Amino acid sequence: MAAMDIVAKPIDDYLHRVTPARDAVAREMEQLADKRRFPIVGPLVGRLLYLLARSIGARTVFECGSGFGYSAYWFARAVPEGGRVTLTEGKAENCAAARDYLTRAGLLDKVVIKQGNALDLLAGTTGPFDLIFCDIDKRDYPRVYPLLSGRLRGGGLFVCDNMIWSGRVAADDQDEDTRGVRELTRLLYADPGLHTSIVPLRDGVSISLRNP
């Protein structure tokens, strides 16, 4: 099952058709992702990330897994002047590409780029953050959950991509990545301190609100 099959293709096509055009930098990033077959959240989820950050007045965002900065682009547009988006990425070439794109978009002054393991970097900071976004290797998804305590403020959001995982979570798929997505889903819904919902947009986006 391909990710586009989660939403009927005519509806997916319609959503992309009515979504406003992005600026030249965002379009260039989308073209690079298509060329390299590199997974990014895409414009539909990108706009959702922007909306979520703006809706809670987010000033501090921590990204677990940033690639070459596409989701950071949307968050950096959402936070006000003086706000900070922490971008984490393991590969130096992706960090360099992110720096170039965000510079040309006029957003670099809102972004801190950190190269390394996203979970180690999150564990090494105290926060609290207004919004934490997760898009790391799916088998590692459950490892982010204990790091939310003390690092996500009351009234803050934890947002995670690929929570439907091309439909594999609903099938009898037992690989490590699918089990990782299922386990994080279980942890989020079982936490009385979080109110969680999964939006079946693109590959599924979970949104968890931390109780005040």
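Visitor: Which residues in H7 meet Gly180, Val181, Glu183, Leu184, Leu187 and Leu188 in H8?
Guide: This is a predicted model, in which local features need pLDDT of at least 70, side-chain atom pairs count only at pLDDT 80 or more, and totals for chains, interfaces and linings use all residues. Residues are numbered from 1 along each chain as its sequence is written, and side-chain values use heavy atoms, without hydrogens and water. With contact taken as heavy atoms within 4.5 Å, the H7 residues that meet this set in H8 are Tyr141, Pro142, Val144 and Tyr145.

Visitor: How many residues of the contact of H7 with H8 are nonpolar?
Guide: The contact of H7 with H8 includes 1 polar and 1 charged residue. Its nonpolar residues number 8.

Visitor: Are H7 and H8 roughly parallel or roughly antiparallel to each other?
Guide: The axes of H7 (residues 141-148) and H8 (residues 176-190) come within 7 Å and cross at roughly 25°. Angles under 35 degrees count as roughly parallel and over 145 as roughly antiparallel. H7 and H8 are therefore roughly parallel.

Visitor: How many aromatic pairs does the count come to?
Guide: Rings of Phe, Tyr and Trp (its six-membered ring) pair if their centres lie within 6.5 Å; planes under 30 degrees apart are stacked, over 60 edge-to-face and the rest tilted. By this rule, the count of aromatic pairs is 6.

Visitor: How far apart in sequence are the parts that the pair of phenylalanine 68 and tyrosine 101 ties together?
Guide: This pair is tilted, at 6.0 Å centre to centre and with 50° between the planes. Phenylalanine 68 lies in the loop between strand E1 (60-64) and H4, and tyrosine 101 in helix H5 (residues 92-104), so the separation of the parts is 33 residues.

Notes. Axes fitted to C-alpha atoms, helices over the stretch in contact; angles between N-to-C directions. Helix = DSSP H or I, 4+ residues; strand = E, 2+ residues; numbered from the N terminus. Parallel < 35°, antiparallel > 145°, perpendicular 65-115°, else oblique. Nonpolar A, V, L, I, M, F, W, Y, C, P; charged D, E, K, R; others polar.
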